[in-house]
Amino acid sequence: MQSRTKRHLSPADLDALLRASAGVGCRVEAELTDGWFAAAYRVVLDDGRPAVVKLAPPPDAPVLRYERGITATEAMVYARLATLPPGQVPTPELLYSGPEFLVLSVLDGTPWDKVADGLPPVTQSALRRELGAVTARLHTLTAPDGRFGYPAPEAALSAPDWPTAFTLMVDALLEDAAAQGTSPLDVPPADIRGLVAEGKGVLAEVTEPRLVHFDLWPGNVFVDVPAGGEGPRAPRITGIIDHERAFWGDPVAELVSLAFGGDTGPDSDLVAGYTEAGGRLDPTPAVRHRLALYRLYLGLLLVVECGPRGYTGDHLAFCRRTLAGAVADLRALG
């Protein structure tokens, strides 16, 4: 995916960047073009290890407020995940990092969205159950300072309680939309703020800030499956990637992106795996209300980011439909 936030470097410049900052050089094999925000390259390091280099946006790139300091956020998530028992949340190993880049180990397997259509239902079911368990383990991580919201100080979008932090997050996107002057929302900002204000009571039920990935669509989940989805080797999740959107908040918010890969209802395979691993997702009216608020937030985010990234056409139309649907759902609750 093309985006104005992607920083493209020549092989020589990428090698020079790593040598100067990490003390290791690389040989570029290919650019990885599936990402939506950051440029990434498949490389071989000087010592022969295959790796992926992920670059922060150029200094002059138009980014949203929550995206400030986003590379350091992703590095922090990798460091925190490394403290969990091996295999609990499979993810690449962070080999090197700096303000401008991350160097990650290469995962086995394939992004789930690339193989989903060829997998039989029994395999999809098993993988969704495993993804639920992986997500529950990710949610055991809590904010070291007890604050909610985005961890990067540059974003200034954190607070001691969840209603305040979530309101800041929504307000920042509305301010970004006004500043960019692009991607019409089709919903008055005052209406969005009103819907969020009406939900402060249910948001206040969240009292512990837990790590939320918030981008667990199938393209960010790597899987390893036998040919045709059947065989002696059990299908498995080999890793989750792209942690830059992570924040400290309500685990229920994770269901928003997880829904892009399948059912997330109370009787779904995903929720079964989540609860078996110790997580709780009780379908109470308050939880359903919070989930509707998080759908609103993602819909707003998707529309607003289209401006600085230069997304148009079918994708922009999809994002606007997503936001409109989320607004309608919240109004129906009221």
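In which sense do strand 6 and strand 10 pair, and over how many bridges? They run antiparallel and are joined over 2 bridges. The close-ups below all come from a predicted model.

View 1. To find where strand 6 meets strand 10 (residues 221-224), look for Thr 110, whose bridge partner in strand 10 is Val 223.

**View 2. Phe 214, a residue with a positive phi.** Zoom in on the loop between strand 9 (210-212) and strand 10, and you'll find Phe 214. Its phi is about 70 degrees, even though Phe 214 is not a glycine. Is Phe 214 buried or exposed? With a relative accessible area of 2%, Phe 214 is buried.

**View 3. Asp 242, between strand 11 and strand 12.** Asp 242 isn't a glycine, yet it has a positive phi of about 55 degrees. Its relative accessibility is 18%, and since buried means under 20%, Asp 242 counts as buried. Asp 242 also belongs to a network of salt bridges, along with Lys 54, Glu 74 and Glu 244.

**View 4. Glu 74 and Lys 54, two members of that network.** Here the closest N and O atoms of the salt bridge are 2.9 Å apart. Glu 74 comes from helix 2 (residues 70-81) and Lys 54 from strand 3 (residues 50-55), so this pair links parts of the chain that are 20 residues apart. Glu 74 and Lys 54 are both buried.

**View 5. Glu 100 and Arg 7 meet in a salt bridge.** Their side chains come to 2.7 Å, N to O. Why does this pair tie together parts that are 93 residues apart in sequence? Because Glu 100 lies in the loop between strand 4 (94-98) and strand 5 (101-105), while Arg 7 is in the segment before helix 1 (11-22). Glu 100 is partly exposed at 33%, whereas Arg 7 is buried at 19%.

**View 6. Arg 27 and Glu 29, another salt bridge.** The closest N and O atoms of this pair are 4.0 Å apart. Glu 29 is partly exposed, with 44% relative accessibility. Altogether, the structure holds 22 salt bridges.

How values were computed. Residues numbered from 1 in each chain as written. Predicted model: local features only at pLDDT ≥ 70, side-chain atom pairs only at ≥ 80, totals over all residues. Heavy atoms only, no water. Pairing = 2+ DSSP bridges. Helix = DSSP H or I, 4+ residues; strand = E, 2+ residues; numbered from the N terminus. Buried < 20%, exposed > 50% of the residue type's maximum accessible area, 1.4 Å probe, protein only.
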